[in-house]
Amino acid sequence: MNKPIAPAAPARDIKAIVNAGLAHRHAAERRFRLYGLVAISLGLAFVVLMFASIISKGYPAFWQTYIELPVAFDAAVIDPEGKRDPKVLENADYAALVRASLRSLFPQVEGRRDLRALYALASSSAPLQLRAAVLDNPTLIGSTQPVWVLASATVDTFVKGNIDRSLDETLRPIKDQDIAWVDKLRADDRLERRFNSILFNHGDSREPEQAGIRGALMGSFYTLLVTFLLSFPIGVATAVYLEEFAPKNRWTDLIEVNINNLAAVPSIVFGLLGLAVFINFFGLPRSAPLVGGLVLSLMTLPVIIIAGRAALTSVPPSIREAALGMGASKLQMVGHHVLPLAMPGMLTGSIIGMARALGESAPLLMIGMVAFIVDIPKGMFDPATVLPVQIYLWADLPERAFVERTSAAIMVLLAFMILMNGLAIILRKRFERRW
Amino acid sequence: MSTTPLEINTPLDGATTSSRASGNPLSSTQITDYDHRQTVGKITVDNPKMTCRGVNVYYGAKQALKNVSLDIGANEVIAFIGPSGCGKSTFLRCLNRMNDTIPGCRVAGEIRLDQEDIYDRSLDVVQLRARVGMVFQKPNPFPKSIYENVAYGPRIHGMVQNKAELDALVIASLERAGLLKEVEKRLEEPGTGLSGGQQQRLCIARAIAVNPEVILMDEPCSALDPIATAKIEELIDELRENYTIVIVTHSMQQAARVSQRTAYFHLGDLIEIGETDQIFTNPRHKLTEDYITGRFG
């Protein structure tokens, strides 16, 4: 064994040979790094572009124009009999008060057409606002109060500078006459921009200035609640059974392949399935978050199962052996040791699956969650829509004021997405264990 | 390397082997035929705790253990040695049916614990593993507190009535594992935070907390430094009073230090078994001699 080992390569100047190839190797590495940088910068550029576009379009929607009207709460109009009967107060002609108030601001306006244009300055919600004020405080009747009412969407759009006043009158939605009134109101300090709480407190509306995302938010909440309550326990149980208990044979292989395939099925197919099974066969209500949640559960389940199995396999076998060696039964081994260790990974996978479900619209179109619904849903059986579908609905509408609301709704949706993904990252960092 | 017709027939009690002087005058080896695969030496003991007869283990189509028969005496330390892949760990894992967890693994033959067939259908594996504890090659404490690690076994088997009893049992087990002094002040700290040697002693404490009859140790010191190894070996020697210990080891010195009997495995066959002194000073089979003199393995 003491023979010197002969070199495998023929004796040549190894140093020179290596050096000759070195420049080439380094160049290849530099090129690769450059490609990576270019790819990342491109990706980041598009993300920045998207956010810039959405935010620049959407942020004006968080502000809304109000007009101050000197409203004379005329007893003759509101409560001619003077009994303060709530029923009478409720059915009084508050629109007349708004009209009278506008007339009092611009007494020179005459003629049906011009007057109608004048009345259109205030939102159609102004009479409702007056009614609420009177019902709340009947002593207002007989007095004259300054009241801030919503401006119409056209006025709001103009005030926000989204309508070019240098355009020809026939080409813009607001006429010269209206512009003169708005300028006058502005000069009198009767115009103000306030935070748009309506966007967050109201359901959908045909009038842009009264439209809000509350209905869609609640719809999304109930839908996701159903999705989570169904898909998380079922998904975790499936993952645990398949990974820890099921025998490895042709059937489980088949199931595994199918679950992986299900994760890749286009979501609209799940919508069709939901329509055929849940609505047509089981007769569940249309447009309900319950059905939406069922459909989204079908879609989220494979994601949770796959993430759950990955989390379970990442638990080291030594922990399983330790538990079994102590005489723990299989269920005890899983329940006491494997599942707690796999839980952070499972939760992360579930949250990411839920975030995907939150952004899903196509399958919900199929089950009727695309209807125009003004009422805010109060449960999982009420007709509802969800945020992405609301965005889709608003994006379809012609009014200029809906453009900014669409972007604002997208911002809210993105905020929730970022929140959920952030939560997933925090959970993972917080509870991750290393061996 | 299948079983060729045997030239030498060794009786199971191993009392006599036909002498076949080898070429090496320094060696007392009686069997020089490398293909001889029948166990040499006395496989039986007077008071057996476990008896194994004709154990065959298959991983799928591959046979990992061929017709192994031996006795494990009560309160003895028996060491299994042999080169990697010889089946010693496989055999160890048959003794508490840990092989059940490996898909495709099949065990044939008979293994009895106190005359009870442990592969009998009526015997619950949970009960078996409570009686035959195991310590693994890599220290594998649960990622829980030191206290919880030791308390786990008694708790799942319902061996204690109340917290005070459990506390006493945990303390006693740690004491017996020689770990109490080092961890007394930090029972609530995670067991994974201990050093490798301490972790392994924690695993031993965890195993003896359920008061098993037999403790199986699968290369318990292979991941430890010499000082930690010495402590574990000392512990094994003390534990012998109360337990039967089966230890698999790659270190022949360790086998010589801690065990009373030694079994040498080679490629799935039990080649030789006997008193540890005899195996290391006077091996009868050429394969054993080659191994212990470091010619391969």
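What percentage of the 435 residues of chain A count as buried? The share is 42%, where buried means under 20% relative accessible area, exposed means over 50%, and partly exposed lies in between (1.4 Å probe, protein chains only). The model is predicted, so local features need pLDDT of at least 70 and side-chain atom pairs count only at pLDDT 80 or more, while totals for chains, interfaces and linings use all residues. Residues are numbered from 1 along each chain as its sequence is written, chains are lettered from A and ligands numbered from 1 in the order in which they are written, and side-chain values use heavy atoms, with hydrogens and water left out.

Chain A contains 18 helices and 3 strands; these are DSSP runs, with helices (H or I) of at least four residues and strands (E) of at least two, numbered from the N terminus. Its radius of gyration is 32 Å, whereas a compact globule of 435 residues would have a value near 22 Å. That radius is taken over C-alpha atoms, and the globule rule is 2.2 Å times the number of residues to the power 0.38. Along the principal axes, the C-alpha atoms of chain A fill a box of roughly 120 × 65 × 35 Å. Contact means heavy atoms within 4.5 Å. Of the contacts in chain A between residues at least 6 apart in sequence, 76% join residues at least 24 apart.

One loop of chain A runs between helix H8 (176-187) and strand S3 (191-195), and Asp189(A) lies there. Asp189(A) is not a glycine, yet its phi is positive, about 65°. Asp189(A) counts as exposed because its relative accessibility is 59%. Arg190(A) is found in that loop between H8 and S3 too. Beyond its neighbours within four places in sequence, Arg190(A) is in contact with residues including Tyr66(A), Glu68(A), Leu105(A) and Trp148(A).

Chain B has 10 helices and 10 strands. Buried residues make up 55% of its 297 residues. In chain B, 69% of the contacts with a separation of 6 or more are between residues 24 or more positions apart.

Asn211(B) sits in the loop between helix H6 (196-208) and strand S7 (214-218) of chain B. Asn211(B) has a positive phi of about 50° and is not a glycine. With a relative accessible area of 51%, Asn211(B) is exposed.

Helix H1 (residues 88-95) of chain B has 8 of its 8 residues buried, so it is largely enclosed by the rest of the structure. Among them are Lys88(B), Phe91(B), Arg93(B) and Leu95(B). Just after H1(B), Arg97(B) takes a positive phi of about 60°.

In soluble globular proteins, nonpolar side chains tend to be buried together. A nonpolar core is a set of buried Ala, Val, Leu, Ile, Met, Phe, Trp, Tyr and Cys residues joined through side-chain atoms within 4.5 Å. The largest nonpolar core has 57 residues, and those touching the most other members are Leu70(B), Phe80(B), Phe91(B), Leu95(B), Val246(B) and Phe265(B). Helix H15 (residues 330-358) of chain A gives the most to this core, with 6 residues. Apart from this core lies another, of 44 residues, including Leu174(B) and Ile236(B). Not counting residues up to four places away in sequence, Phe80(B) touches Leu70(B), Lys88(B), Phe91(B) and Phe265(B), among others.
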